[in-house]
Amino acid sequence: MIWTEIDTHISQITGEKFVSHQHLSISGGCINEGYAVSNGKLTYFVKLNQASQAGMFAAEMLGLQQMYTTGTIRVPKPLCSGITGNSSYIVMEWLEMTSGNNKSWQEMGRKLATMHKTTSNQGFGWDMNNTIGSTPQINNFHTSWIEFYTQHRLGYQFKLAKERGGSFPLEDQLLATIPKLLANYQVQPSLVHGDLWGGNAGFTVEGEPVIFDPATYFGDREVDIAMTELFGGFPPTFYEGYEEVFPLHKGYETRKTLYNLYHVLNHFNLFGGGYSSQANRMIEKILN
């Protein structure tokens, strides 16, 4: 029984016997099944997928753990992940979530900016590959942000998109232009969430900002800020709070489109449809 094995793993990690008797299905994710698992006193959040996706959960564990240990912005504390039968799973802290107000959004901006001050001496990349949605995300370390972003972000997404039948006439021109676009721009390898849109951010009932479902790596911190603007944007107080702690560099508005192109290409690879024409419009905008 899947829940018995997960209960046993929770008990081993916490040192206290845990026997769940409530498994409430939680909607919201399009990739995994989510459950609030409770013994009547304690509740944990459990995500399930096929056993073949165990690596995705192992990477999510590591990403959450890295962000958690910075002591900056709140993330659900990860407990364990593993495989039982035909299923893989990840268990983490259960947080009661609600919507935020201007003050709590400003605090989210401040705390994210503080997390972005966490850097890596290995350069741009991460300790393992992970996923952006269900798409593989390649994280081989590079000392050059230009090389990393060209090869492992845009180049990789273009490759997948062309395999799906996407047509991007200006791809080569765009990739060749990236060194010029990012010239004279000093980038530090910041710990980034990697998939920071409104669906992956929220607030506890006490008003504390929380981010979750990461696609973590060390990259240009602007990738997170850019993505917050991609699907409607966060409230203005979020950006005010961020600027208080870690102001953005000149030229962000131009780089924003370059960085969000990655996510639009990924949406084409995941969902198809009109995302290819949106990507081509963005490429034209960048090159003009």
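Student: At what angle do helix α4 and α8 pack, and how far apart are their axes?
Tutor: Bear in mind as we go that this is a predicted model. In it, helix α4, residues 145-163, packs with α8 at an angle of about 25°, and their axes are 8 Å apart. Because angles under 35 degrees count as roughly parallel, α4 is roughly parallel to α8.

Student: Which residues make the contact?
Tutor: On the α4 side the contact involves Trp145, Tyr149, Arg153, Leu154, Gln157, Phe158, Leu160 and Ala161, while α8 contributes Leu258, Tyr259, Leu261, Tyr262, Leu265, Asn266, Phe268 and Asn269. The crossing of α4 and α8 is left-handed.

Student: Asn266 is on that list, so is it buried or exposed?
Tutor: Asn266, which sits in helix α8, counts as buried because its relative accessibility is 3%, and the cut-off for buried is under 20%.

Student: What does its side chain join up with?
Tutor: The side chain of Asn266 is joined to that of Gln157 by a polar contact of 3.3 Å. If you leave aside neighbours within four places in sequence, Asn266 is in contact with Ile132, Thr135 and Gln157.

Student: And Lys256, where is that, and what does it touch?
Tutor: Lys256 also lies in helix α8, which covers residues 252-271. Not counting residues up to four places away in sequence, Lys256 touches Ala226 and Glu229.

Student: Why does Lys256 count as buried?
Tutor: Lys256 counts as buried because its relative accessibility is 15%, and anything under 20% falls in that class.

Student: Let me stay with α8 a moment: how does it pack with helix α9?
Tutor: The angle between α8 and helix α9, residues 275-287, is about 165°, with their axes 8 Å apart. Since angles over 145 degrees count as roughly antiparallel, α8 is roughly antiparallel to α9. The crossing in which α8 passes α9 is left-handed.

Student: Which residues meet there?
Tutor: From α8 they are Thr257, Leu258, Asn260, Leu261, Val264, Leu265, His267, Phe268 and Phe271, and from α9 they are Tyr275, Ser276, Gln278, Ala279, Met282, Ile283, Lys285 and Ile286.

Student: How far is Gln278 from Asp172?
Tutor: Asp172 and Gln278 are 106 residues apart in sequence, and their C-alpha atoms are 17 Å apart in space. Asp172 itself is in helix α5, and it counts as exposed because its relative accessibility is 59%.

Student: Changing topic, how many residues does helix α3 have, and how far does it reach?
Tutor: Helix α3, residues 102-115, has 14 residues and reaches 20 Å from its first C-alpha to its last, which is close to the 20 Å expected at 1.5 Å a residue.

Student: What caps its N-terminal end?
Tutor: Asn101 caps the N-terminal end of α3, with a side-chain oxygen lying 3.1 Å from the backbone nitrogen of Lys103.

Student: Which of its residues are buried, and what do they pack against?
Tutor: The buried residues in α3 are Ser104, Trp105, Gln106, Met108, Gly109, Leu112, Ala113 and Met115. The buried residues of α3 pack against α2, β9, β10, β11, α6 and α7.

Student: What about α7, which of its residues are buried?
Tutor: In α7 they are Thr237, Phe238, Tyr239, Gly241 and Tyr242, and the buried residues of α7 pack against α3 and α6.

Student: Now the loops: where is Asn184, and what is its phi?
Tutor: Asn184 is found in the loop between α5 and β9, and it has a positive phi of about 60° although it is not a glycine. Asn184 is exposed because its relative accessible area is 81%, over the 50% cut-off.

Student: What phi does Asp213 have?
Tutor: Asp213, which is not a glycine, has a positive phi of about 50°. Asp213 lies in the loop between β11 and β12, and it counts as partly exposed because its relative accessibility is 30%.

Student: Last one, where is Trp94, and what does it touch?
Tutor: Trp94 is in the loop between β5 and β6. Not counting residues up to four places away in sequence, Trp94 touches Ile26, Ala36, Thr43, Tyr44 and Phe45. A polar contact of 3.2 Å also joins the side chains of Trp94 and Glu96.

Key. Residues are numbered from 1 along each chain as its sequence is written. This is a predicted model: local features need pLDDT of at least 70, side-chain atom pairs count only at pLDDT 80 or more; totals for chains, interfaces and linings use all residues. Side-chain values use heavy atoms; hydrogens and water are left out. Helices (H or I, at least four residues) and strands (E, at least two) are DSSP runs, numbered from the N terminus. The expected span of a helix is 1.5 Å times one less than its number of residues. Buried means under 20% relative accessible area, exposed over 50%, partly exposed in between (1.4 Å probe, protein chains only). Contact means heavy atoms within 4.5 Å. A polar contact is a pair of N or O atoms within 3.5 Å; within protein, one must be able to donate a hydrogen and the other to accept it, and residues adjacent in sequence count only if both atoms are side-chain atoms. Axes are lines fitted to C-alpha atoms, for helices over the stretch in contact, and angles run from 0 to 180 degrees between N-to-C directions. Angles under 35 degrees count as roughly parallel, over 145 as roughly antiparallel, 65 to 115 as roughly perpendicular and the rest as oblique. A crossing is left-handed if the near helix is turned anticlockwise from the far one by less than a right angle, and right-handed if clockwise.
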